[in-house]
Amino acid sequence: MAHPLPSAALHPVPAPLRHPPNVTHLISTATALPHLKQIQAQILRNSHHHHNHHLFQLLLYSLPFPSYALSLLSFIPADIPPPCQLPNKILKHLSRSDNPHKALVFFQAMQNKFFPIDRFSFPPLLKAASRALSLSEGKMIHGLAAKLGFETDPFVQTALMGMYAACGLISEARTVFDKMPQRDVVTWNIMIDGYCRSRLFDDVLVLLEEMKSSDIKPDARVFTTILAACSRVGNLDIGRLVQEYISESNVVVDYQLQTALLNMYINFGAMDKAQSFYDELKPKNVVASTAMITGYSKIGNLEAAQLIFDEMVDKDLVCWSAMISCYANSDEPREALEIFGEMQQLGVKPDQVTMLSVISACARLGALDKAEQIHLYVDEKGFGTALPINNALIDMYAKCGSLDRATEVYGRVHRKNVISWTSMINAFATHGDVDNALTHFRQMRVENVEPNWITFVGVLYACSHAGLVEEGEKLFESMVKHYVIAPRLEHYGCMVDLYGRAGRLRDALEIVESMPMAPSIVIWGSLMAACRIHGESELGEFAAKRLLEIDPDHDGALVFLSNIYAKERKWENVGAVRNAMKHKGVSKERGCSMIEMNGDMHTFLTADKSHRRTDEIYAKLGEVVGKLREVGYAPNTNCVLVDLSEDEKKEAILWHSEKLALCYGLISREKQSTIRIIKNLRICEDCHDFMKMASKVLDTEIIIRDRTRFHQCRDGVCSCKDYW
DNA sequence: CTAGGGTTAG
């Protein structure tokens, strides 16, 4: 019967066994899965009366390998039930693990074998149910506890409260709370936390008053709980009240309560108050500093965020990630990637959250080579299977101008969620592939994935850019009626655009007048642009004036107005607009184009002469302009500010940053590879014509990402069909 | 043989 196992040579066991070996000791030294399996084989081989006991001990030490632990259960015969302590220990362990549901599975298996349970089994079980947010199982366990007469056990009661509070059944939690004969500070806190989660702040206050008049006094943790909830929800009043309570009572304000207070200021956007509080904080800690960084990040104060970060002594992964996302979200992708590089050099290992920020930074940067490099890295480090990562990759490739690679990643995602679908639909929409955008939208509904408001922005955008008025109207209606999604500014913007481009200006105006919120710059801007295309001076003038009320320096509106006045020979008005333009300062955002070459991003401003190959670039520009003129190119100065002479205008337009970037690409690229340019503003009409003609004359593909979409120019035609 | 509550990145 006792034949040696193949692996016995590695872990020699004395045989023959006159005395049972000290299995207990053997088990307690096992750390690896193969070792445990070997011991299991040995236990099963040497059947004796300690059999079950040993298997349970083995089970206990197998808990780091939950699937194996569960499989062990099938080797345990039901005839000699183990004492309760062992299974209870296992329940406790599993209930705290990453997958608390395993505790419930284990419990089910225990019941099938008729293992005994006692009152000590219930707190871990209820903990598992509350962590798994499994109300139905929680209720079942409650029923069982009642049946076995454990409902009056204070430990079971506390766990029941916690379970109901976590699952949102606050009234059930309260019923248990009221029944409890004795309550301590923790019991009160669980109840208060429950009310906080259900956002019932009035009840929180009532309970806090009750607590103060009881013999239990609130402690720092109770206050932390409430403050954290207030800042999450943005409830300033309650936050103030709690602050008063804290100064009245003599609780010791520990660092976690300090952090909660700090966090409250931050969440209310009171960064000056937060800063003075933070200055007083001694010693500082990572959590508080990280909160400060995100606070400054949210109000766009990058310098202040960087300062906090620089002064931190112990930087952990979380604060590095915060700093990276701070730059990524403030549209400073290069800095974000640089920080990521520094972090790696210091040997700090990124996690999924870090990578999401890094991928999003790369998407904003628009550098395709860099994108592929990051994709490789993500796969190499094992993040490549996570859904959020793949969704971010789809978006990244789309924003870097590679619809193909976006589609490729998308095709490999098995369980697509709304974000996967929406990212892909948006990718098609911004690349001008309306058919695919709409097909995927339909397919998404076939597969029972519910679209959200962002999905609708994507499809409506696609419709407006393809002139599909009826389709767009239908989608808008179904969004409101069928999906019960309240239209946002973005949706109204698409509708104004949809009607405006199609020349249905009265419908466009009707949308503007009927929308429940104040029209933004974008709304007036698209109405104005539609009027320009369709020659509707009167409505256009109206829109431009509204636009200037919001933004008195708006280039487009000033140019548009002066052009209308000039056409109508209203010279005094032209003069007024010109004056307005003279007073206008430097425009808030200068035109800027980037192109990636051998892994580096090269940036060009309008009329930029700072590049080291400036001479060659301008020579190339002259050459290209010459070739284009031969096929009929003439500079189109419609979009230039009027206070320049006609010659100056022509020159200014030839020196637009995207033309410089194009020429740099032409002189430095290898072979006939595609030229990809990223521009911060909308591309102007002249540059658009220029790129189209250049793609034909120079026989090269040119892809430009402007502020809102892609222009893929090939053989003299652009993917936007001149509709942007 | 007991346990249960709070803060940070997306």
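Here is a short chat about the predicted model shown above.

User: Hi! What kind of model is this, and how are residues numbered?

Analyst: This is a predicted model, where local features need pLDDT of at least 70, side-chain atom pairs count only at pLDDT 80 or more, and totals for chains, interfaces and linings use all residues. Residues are numbered from 1 along each chain as its sequence is written, chains are lettered from A and ligands numbered from 1 in the order in which they are written, and side-chain values use heavy atoms, with hydrogens and water left out.

User: Thanks! How many helices and strands does chain A have?

Analyst: Chain A has 38 helices and six strands. These are DSSP runs numbered from the N terminus, with helices (H or I) of at least four residues and strands (E) of at least two.

User: What box do its C-alpha atoms fill, and what share of residues is buried?

Analyst: Along the principal axes, the C-alpha atoms of chain A fill a box of roughly 105 × 70 × 55 Å. Of its 724 residues, 48% are buried (under 20% relative accessible area, with exposed over 50% and partly exposed in between, using a 1.4 Å probe and protein chains only).

User: New topic: at what angle do H22 and H23 cross?

Analyst: The axes of H22 (residues 368–380) and H23 (residues 387–399) cross at roughly 165 degrees and come within 10 Å. Axes here are lines fitted to C-alpha atoms, for helices over the stretch in contact, and angles run from 0 to 180 degrees between N-to-C directions. H22 and H23 are therefore roughly antiparallel (over 145 degrees; under 35 is roughly parallel, 65 to 115 roughly perpendicular and the rest oblique).

User: Nice. Which residues make that contact?

Analyst: From H22 they are Leu368, Ala371, Glu372, His375 and Val378, and from H23 Ile389, Leu393, Met396 and Tyr397. Contact means heavy atoms within 4.5 Å. The residues divide into seven nonpolar, one polar and one charged (Ala, Val, Leu, Ile, Met, Phe, Trp, Tyr, Cys and Pro are nonpolar, Asp, Glu, Lys and Arg charged, and the others, Gly among them, polar).

User: And Ser695, buried or exposed?

Analyst: Ser695 is buried, at 2% relative accessible area, and lies in helix H38 (residues 685–697). Leaving aside neighbours within four places in sequence, Ser695 has contacts including Thr700, Ile702 and Cys713.

User: Last one: where is Ala652?

Analyst: Ala652 is in helix H36 (residues 646–654) and counts as partly exposed at 27% relative accessibility. The C-alpha atoms of Ala652 and Ala406 are separated by 36 Å, and these residues are 246 apart along the chain.
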